[in-house]
Amino acid sequence: ADFDSKKKRKVAEIYQALNSDPIDVAALRRMAISEGGLLTDEIRCKVWPKLLSVNTDDLPPLPAGKELREDNKDYQQVLLDVRRSLRRFPPGMPDDQREGLQEELVDIILHVLKRNPQLHYYQGYHDIVVTFLLVVGDRLATALVEKLSTHHLRDFMDPTMDNTKHILNYLMPIIDQVNPDVHDFMQSAEVGTIFALSWLITWFGHVLSDFRHVVRLYDFFLACHPLMPIYFAAVIVLHREQEVLDCECDMASVHHLLSQIPQDLPYETLISKAGDLFVQFPPSKLAREAAQQQVERTAASTFKDFELASVQQRPDTVLRQRFRERLRGEERTKSILTKPRTNRFVKLAVMGLTVALGAAALAVVKSALEWAPKFELQIFP
């Protein structure tokens, strides 16, 4: 009963934000992030467009599918991917209904690509589009997906994977900030970050089997900075700390473990932690390390310590970094794995559930739509 009254209160607050003049988008963002997200698909139809600032009053009609399909270079690939997407539809949906939706899915994708020739289709894009189609229907989904594709998903839709790889390069620095042991173990195993690629480019739509969890994450990601999915990926890895450290320290074993995503994750806790991490270690703080992942680690230059000291201003970090570079120089021994454990989630507890309370929500979204990795790469060549 307590949960129900909390839910009722939240629904009332959401409608209040929607009906205020002007619409209180900041409040809607907080609602989307805080516990339970936006609660129902009916509410999502109203709030998702506001989070993406899409005007729903004059949605263009969808063009007829036939003309879209005739000379589209991506048509065959899109068709293959959509045909393979059976498990993304609710179990028990009648075949003819599902087939109708799959046709709509193909049309939405081709429509967005045709109107935005600078965007390149990638496998996994349909996993995002189908989520919108199932929640808001084809016309609204088309408008939302187009906006999303030119903003949050823009980097996945370049002709090359360079920017996608660059975003994946944020994963290890985030893990390192919270749990150096897990970071060092993963580095020793040389597992890389490819296990998280499908998570990132489908916003977890491809890997989570329960649709409710997927839309809950979409509430969160739509309200946040475009890099939030990579923070969420890091939080999943950190959540599995013990499994990771108990694993054989080799690439195949660790990759296999991490790419099998557990279905019973404590989503609300992880969402809250991802938000906290974003506030504590915003992308601008990690950009250097992320760019550094790109460059093969060279021998420490004379400025290394100075640079580190100025970036972190925490002597323990500088010492640890020096110690690590020395280890890298010598034969990489396993002794590094028996270092005394420290877990920085203890420090995070002090921040508490800032995101659930909404205090951090605004910091999280301030830069939501202006972000571009190219810009960061220029600062840190």
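Reader: What makes arginine 216 count as buried?

Author: In this predicted model, arginine 216 has a relative accessibility of 6%, and because buried means under 20%, arginine 216 counts as buried.

Reader: What makes the contact between glutamate 268 and arginine 216 a salt bridge?

Author: The closest N and O atoms of glutamate 268 and arginine 216 are 2.8 Å apart, and since the definition asks for a side-chain nitrogen of Lys or Arg within 4 Å of a carboxyl oxygen of Asp or Glu, the pair forms a salt bridge. Glutamate 268 lies in helix α17 (residues 267–280) and arginine 216 in helix α13, so the pair ties together parts that are 52 residues apart in sequence.

Reader: Why is glutamate 268 called partly exposed?

Author: Its relative accessible area is 27%, and because partly exposed covers what lies between the 20% limit for buried and the 50% limit for exposed, glutamate 268 is partly exposed.

Reader: How do you know that aspartate 219 forms a salt bridge with arginine 44?

Author: Their closest N and O atoms are 2.9 Å apart, which meets the requirement of within 4 Å. Aspartate 219 sits in helix α13 (residues 211–222) and arginine 44 in helix α3 (residues 41–51), so this pair joins parts that are 175 residues apart in sequence. Asp41 belongs with Arg44 and Asp219 to a network of salt bridges.

Reader: Are aspartate 219 and arginine 44 buried or exposed?

Author: Aspartate 219 is at 0% relative accessibility and arginine 44 is at 5%; because buried means under 20%, aspartate 219 counts as buried, and arginine 44 counts as buried.

Conventions
Residues are numbered from 1 along each chain as its sequence is written. This is a predicted model: local features need pLDDT of at least 70, side-chain atom pairs count only at pLDDT 80 or more; totals for chains, interfaces and linings use all residues. Side-chain values use heavy atoms; hydrogens and water are left out. Helices (H or I, at least four residues) and strands (E, at least two) are DSSP runs, numbered from the N terminus. Buried means under 20% relative accessible area, exposed over 50%, partly exposed in between (1.4 Å probe, protein chains only).
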